[in-house]
Amino acid sequence: MALFIFLSVFSGLKVFTLSFSNDIDPDLKISRTLGKSFFISPLQEKQIKEIDGVVSYSKIIEERVLFIFNEKQEVTYLKGVDPNFSKVNAIQKKLFNGQWLKKDTYQVVVGYGIADKFSMGLLDFNNPLEVLVPKPGKGTIENPEEAFNKEVVIPVGIYAISEDLDSKYVFADLGLAQELLKYKPNQISGIEVKIKKDADENAIVNKLQNIFNNKITVKNRAQLNESLYKMLNTENIAVYLIFTLVIIIALFNLIGALIMMILDKKGNLRTLLNLGSEIKDLRKIFLLQGTLISIFGGIIGLTLGIIIILLQQHYELVMITPTLAYPVVFSIENVLIVLATIVSLGFIASLIASSRVSQKLLD
């Protein structure tokens with residue numbers, strides 16, 4: 001019961017943690033394998049639209065730039081997006097204040113963390129928000145002001161997702177980002193793709209690679225957040241191993257109980273041996289009994305654990321905060337893992353205990 005509950009809790013925490021990155025990460029993200037940017041032709045765009053399983057796609061530009069507001073500075077990512085971005089990403093649902101930016105404007109949407117650092121409000125025309133991007137090229141810089149492409153932008157919205165993500169991006173129109181970086185109209189740094197839930201991800205990735213002649217890198221959500229996924233999976237495995245160790249210690253009680261039963265029934269076992277039973281058959285009796293105890297114990301514990309998890313899901317019995325219930329996820333996979341663990345460890349414990357039945361003992 002305890003093993004199933006903790007696995008369900010950590011599954012819930014994993015889903016809860018990943019929900020923040022899912023709000024801002026696409027199903028698939030295309031970037032150039034070598035270099036920061038690449039060119040996309042109308043033919044390639046048409047081929048992407050025709051891929052079976054692709055719902056929509058959005059062209060983007062990402063670059064670290066310098067923002068200045070009211071003598072305060074912050075280096076973060078400027079993310080230029082096209083009008084299709086709202087079809088690929090659910091960021092608009094996370095708007096804390098204001099509205100989403102419009103096409104072909106100097107409007108931007110900033111994160112709550114950046115707005116808080118700058119003490120910045122929306123549509124503040126008295127205190128402009130400046131964005132500075134280093135100019136490409138070579139040679140010595142004689143005038144620092146000539147080293148940057150600079151524009152004044154207008155914050156029209158603030159999004160709020162999590163503490164880290166709220167300070168990561170400032171969203172702007174794709175045309176504005178291309179203007180600042182001196183990109184050509186068909187030059188971008190990436191493409192974000194939304195696919196159907198039942199789509200064949202590998203097949204879509206292969207088709208995208210063919211369209212761009214294998215010069216791109218395509219990553220899914222797990223690959224975009226590789227370190228986060230590894231951390232969560234490691235925690236899950238660690239909890240599983242700790243509780244498995246607790247179960248192993250508890251199964252010493254089963255081994256002891258079976259050995260006491262063997263000693264108590266030694267006379268009956270001797271009678272069966274004299275009637276023609278073999279030692280291996282006598283061992284099977286206690287092996288079966290120990291295994292049945294483990295199976296029924298596992299089923300009872302699982303039943304109680306499932307009831308507790310379902311009650312938490314529906315009635316929110318345990319709360320993290322007054323408004324946030326402890327996240328849990330009921331999973332058939334966790335049920336099978338727990339059942340397999342209990343049965344296998346119970347079988348091994350019963351095998352160890354039943355091996356005490358020997359000719360020497362009965363003599």
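**Reading pockets, a helix face and ring pairs**

Analyst: Let us start with the lining of the second largest pocket, whose residues divide into 14 nonpolar, four polar and no charged. Here Ala, Val, Leu, Ile, Met, Phe, Trp, Tyr, Cys and Pro count as nonpolar, Asp, Glu, Lys and Arg as charged, and the others, Gly among them, as polar. This is a predicted model, in which local features need pLDDT of at least 70 and side-chain atom pairs count only at pLDDT 80 or more, while totals for chains, interfaces and linings use all residues. Residues are numbered from 1 along each chain as its sequence is written, and side-chain values use heavy atoms, with hydrogens and water left out.

User: How does the lining of the largest pocket divide into nonpolar, polar and charged residues?

Analyst: A pocket is an open set of points on a 1 Å grid over the protein atoms alone, where a 1.4 Å probe fits and protein lies on both sides within 12 Å along at least five of seven lines; lining residues have an atom within 4 Å of a point. In the largest pocket, the lining holds nine nonpolar, eight polar and 13 charged residues. Of the 18 residues that line the second largest pocket, Ile247, Ala250, Gly297, Gly298 and Ile342 are the closest to its centre.

User: Which elements supply at least two residues each to the lining of the second largest pocket?

Analyst: Helices (H or I, at least four residues) and strands (E, at least two) are DSSP runs, numbered from the N terminus. Helix 1, helix 8 (226-264), helix 10 and helix 11 (332-354) each supply at least two residues of that lining.

User: Where are the buried residues of helix 2 when the helix is seen down its axis?

Analyst: Buried means under 20% relative accessible area, exposed over 50%, and partly exposed in between (1.4 Å probe, protein chains only). In helix 2 (residues 42-49), Gln44, Glu45 and Ile48 are buried. These buried residues fall within an arc of 100 degrees, so they line one face of the helix; the arc is that of the directions from the helix axis to the C-beta atoms. The face turned away from the buried side carries the exposed residues Pro42, Leu43, Lys46 and Lys49. Strand 2 (38-39), strand 3, strand 11 and helix 6 (201-211) are among the elements that cover the buried residues of helix 2.

User: Is Thr291 buried or exposed?

Analyst: Thr291, which lies in helix 10 (residues 279-315), is buried because its relative accessible area is 13%. Leaving aside residues up to four places away in sequence, Thr291 touches Phe347 and Ser350, where contact means heavy atoms within 4.5 Å.

User: How many aromatic pairs are there?

Analyst: Rings of Phe, Tyr and Trp (its six-membered ring) pair if their centres lie within 6.5 Å; planes under 30 degrees apart count as stacked, over 60 as edge-to-face and the rest as tilted. The count comes to 11 aromatic pairs. The rings of Phe38 and Phe212 have centres 5.7 Å apart and planes at 80 degrees, so this pair is edge-to-face. The pair links distant parts of the chain, with Phe38 in strand 2 and Phe212 in the loop between helix 6 and strand 12 (216-220), 174 residues apart. Phe38 is buried at a relative accessible area of 4%, and Phe212 counts as buried at 6%.
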